[in-house]
Amino acid sequence: MAGLNVSIAFFFLVVGVCQALRWISKRFLSPGAYGCLARELAGSLQLCTSCLELRMLVEIGPWGGGFGPDVVLTLLFLLFVVHGASFDGASANPTVSLQEFLLLESNLTATAAKLLAQGAGAGTGWAVTKLYWSWELTHFHLIQNLIASECSSSIRTSLHHAAFVEGTCSFLFHLVLYKLRQSHPTCRVPALAATVTFLTYTGMLSALLLYQGNIPRLFQKNLLYSQKSKYKIPKARAAAAHVEGDELRRKSKGENNNSKPRA
């Protein structure tokens, strides 16, 4: 569990640095510049680095660290609670910024500034996380660097299936977000964190069920796809086998009748 402890310490460090960045920029910048630039940049930086490290734990942790999905889902929930409590009103999400623009809650200049800050924060977060991984503080990071050297996709299913699952989860998340946007932060933050955690868990189960047809840990029967034989039998041979089986049954029936004692 040493590798997991290092990742948790990294999460705390990222949140602390981004919180200090928010505090300093809020003190020296105007409210408009802080709200459109510094706050969104810090939020995107915090969210990107945390999600990259968490994704690494999702991909490597179960077989490299021996912990199950419950650990990752708990971390996901706690991280989104921390993000919601520390973002200070930042969305750190381009789709949310565009939604505010469409609802006439933000003008074009402010929306463009937010998108620019979010892109800069995400890019910085990616660079910082790659530098952190290059230090190879744990065996997780060593494995991650070895995997990153190969050109492979992290999508474990077909592209249209992945797009459908992602689109459905995003649609449901934005519905919940719009419903809770006027709620008090003490209710909104844990509710959104629980929604993200639930959608992540449901998106994983749906992908497994649609791809494989069943979940072996829960039930063995294939619910979606019929089980076909691995080897195909030619139709002529199958018909001959059927006729031969009928002849054998007739012979056995005749032998049984002849073997009966006569009165």
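Biologist: How much accessible surface does the protein chain have?
Modeller: In this predicted model, the accessible surface comes to about 17,400 Å². Carbon and sulfur atoms hold 66% of that surface.

Biologist: And what share of the residues count as buried?
Modeller: 32% of the 263 residues in the protein chain.

Biologist: How many helices and strands are there?
Modeller: Nine helices and zero strands. From the N terminus on, the order is α-α-α-α-α-α-α-α-α.

Biologist: What about contacts with a separation of 6 or more: what percentage come from residues 24 or more positions apart?
Modeller: 68% of them in the protein chain.

Biologist: Switching to Ser91. Which loop is that in?
Modeller: Ser91 is in the loop between α3 (69–86) and α4 (94–102).

Biologist: Buried or exposed?
Modeller: Ser91 counts as buried because its relative accessibility is 19%, and the cut-off for buried is under 20%.

Biologist: What does it touch?
Modeller: Leaving out residues up to four places away in sequence, Ser91 touches Glu40, Val96, Ser97 and Gln118.

Biologist: Which of its contacts is polar, side chain to side chain?
Modeller: The side chain of Ser91 makes a polar contact with the side chain of Ser97, at 3.4 Å.

Conventions
Residues numbered from 1 in each chain as written. Predicted model: local features only at pLDDT ≥ 70, side-chain atom pairs only at ≥ 80, totals over all residues. Heavy atoms only, no water. Helix = DSSP H or I, 4+ residues; strand = E, 2+ residues; numbered from the N terminus. Buried < 20%, exposed > 50% of the residue type's maximum accessible area, 1.4 Å probe, protein only. Contact = heavy atoms within 4.5 Å. Areas by Shrake-Rupley, 256 points an atom, 1.4 Å probe, with all protein chains shown as cover. Polar contact = N/O pair within 3.5 Å; in protein donor to acceptor, adjacent residues only side chain to side chain.
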